[in-house]
Amino acid sequence: MIDYKKFSMEYLEDTVKLWNEAIEYDRITVERFKHQVIYDSNFDPELFQLAFDNDKILVGFIFAIRRKVPYLTRGLEPERGWIVQIAVKKDYRNKGIGKQLLDIITNNFGNNGVKEITLSAYSPNYFTPGVDKRYIEGKNFFESNGYIHKNDAVSMSVDLFRHQINVEKLLDKQKEKGIYIKRFEDSYALNLLNFAQKEFGGGWTRNILLALESNNACDRIFIAVNKNDEIVGFVMRAIDGNDSRFGPIGVDEHYRSNGLGGCLLEVLLDDLIKRGIYYSFFLWTSGDNIKFYKNHEFNTYREYLLMRKKL
């Protein structure tokens with residue numbers, strides 16, 4: 001007999017153990033689970049459901065999110081819900097456990113006004129932007145339950161041991177156009193926040209805020225300014241404290257397609273190399289952006305399906 005109950009701390013160790021057994025490409029530590037799941041301001045035990053065999057053996061779980069706290073300019077997004085992870089012990093698959101877990105969450109969402117469910121891509125504490133293409137069972141499971149594959153995304157990385165480019169030449173080309181790239185200074189804080197909010201929205205603004213609050217912005221951000229000292233682009237790293245993590249990067253729409261984005265990217269990579277950091281990565285991009293990064297020697301290391309369902 002399979003019993004279902006909400007998450008509580010007494011099941012922490014067993015939950016992480018099952019996570020690492022069943023979600024093999026996204027293994028985590030107990031500490032990361034606590035910080036990225038339980039300590040998230042939107043965490044709700046009712047939306048983290050566990051499945052037990054005879055009330056003893058944990059054989060499955062589903063982790064979902066509905067916002068309780070507004071996310072900057074996105075607000076509460078009351079009509080959106082996210083299924084972040086689902087797992088069923090291998091010996092218990094194809095027995096209806098995953099479907100029951102999914103139904104519990106879907107009913108909860110429906111009763112609370114959710115009209116669209118997105119898989120994985122919950123900001124800010126997502127693990128992946130979608131369903132990794134290697135999780136074939138997962139893809140088939142969600143498709144059989146009405147989830148639509150909307151788009152693809154990839155994770156990319158670059159090996160910097162052999163990465164060489166004449167950054168000074170790139171900077172000189174931008175100077176000829178009246179664009180100057182320099183390390184962020186605190187005097188630009190409000191201008192950078194306004195620029196990011198206007199051009200790219202809340203998520204990127206939050207990344208900058210976190211760097212400012214931790215006094216790391218001057219170390220992690222480069223900006224591009226025009227001859228009027230107006231910010232027209234920026235690039236940063238280490239948004240989660242990982243020195244190798246690249247991004248975000250953004251350029252004012254009026255200054256795109258003139259090499260500025262590529263120059264910002266190379267300035268940051270050059271800074272990593274100077275620091276003795278010879279690897280950089282980011283978790284996802286899609287569409288034409290993939291070609292942009294490939295032109296700068298980034299390679300794909302994971303591929304995802306972006307999936308969602310209307311209720």
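# Rings and a buried helix

Mentor: This is a predicted model. Phe234 is buried, with a relative accessible area of 0%.

Trainee: Why is Phe234 called buried?

Mentor: Buried means under 20% relative accessible area. Phe234 has 0%, so Phe234 is buried.

Trainee: What makes Trp204 partly exposed?

Mentor: Its relative accessible area is 27%.

Trainee: Why is the aromatic pair of Phe48 and Phe63 called stacked?

Mentor: Planes under 30 degrees apart count as stacked. Here the angle between the planes is 25°, so the pair is stacked. The centres are 5.2 Å apart. Phe48 sits in strand S2 and Phe63 in strand S3, 15 residues apart. Both Phe48 and Phe63 are buried.

Trainee: What makes the pair of Trp204 and Phe234 edge-to-face?

Mentor: The cut-off is over 60 degrees. The planes of Trp204 and Phe234 stand at 75°, so the pair is edge-to-face. Trp204 belongs to helix H7 and Phe234 to strand S10, 30 residues apart.

Trainee: How do you know that H9 is largely enclosed by the rest of the structure?

Mentor: Twelve of its 15 residues are buried, so H9 is largely enclosed. Among them are Leu260, Cys263, Val267 and Leu272.

Trainee: How do you know that the span of H9 agrees with its 15 residues?

Mentor: At 1.5 Å a residue, H9 should span 21 Å. Its end C-alpha atoms are 21 Å apart, so the two values agree.

Trainee: Which residues of H5 meet H9?

Mentor: Val167, Leu170, Leu171 and Gln174 do. The two helices pack at about 145°, with axes 10 Å apart.

Definitions and conventions:
Residues numbered from 1 in each chain as written. Predicted model: local features only at pLDDT ≥ 70, side-chain atom pairs only at ≥ 80, totals over all residues. Heavy atoms only, no water. Axes fitted to C-alpha atoms, helices over the stretch in contact; angles between N-to-C directions. Helix = DSSP H or I, 4+ residues; strand = E, 2+ residues; numbered from the N terminus. Contact = heavy atoms within 4.5 Å. Expected span 1.5 Å × (residues − 1). Buried < 20%, exposed > 50% of the residue type's maximum accessible area, 1.4 Å probe, protein only. Phe/Tyr/Trp six-rings, centres within 6.5 Å; stacked < 30°, edge-to-face > 60°.
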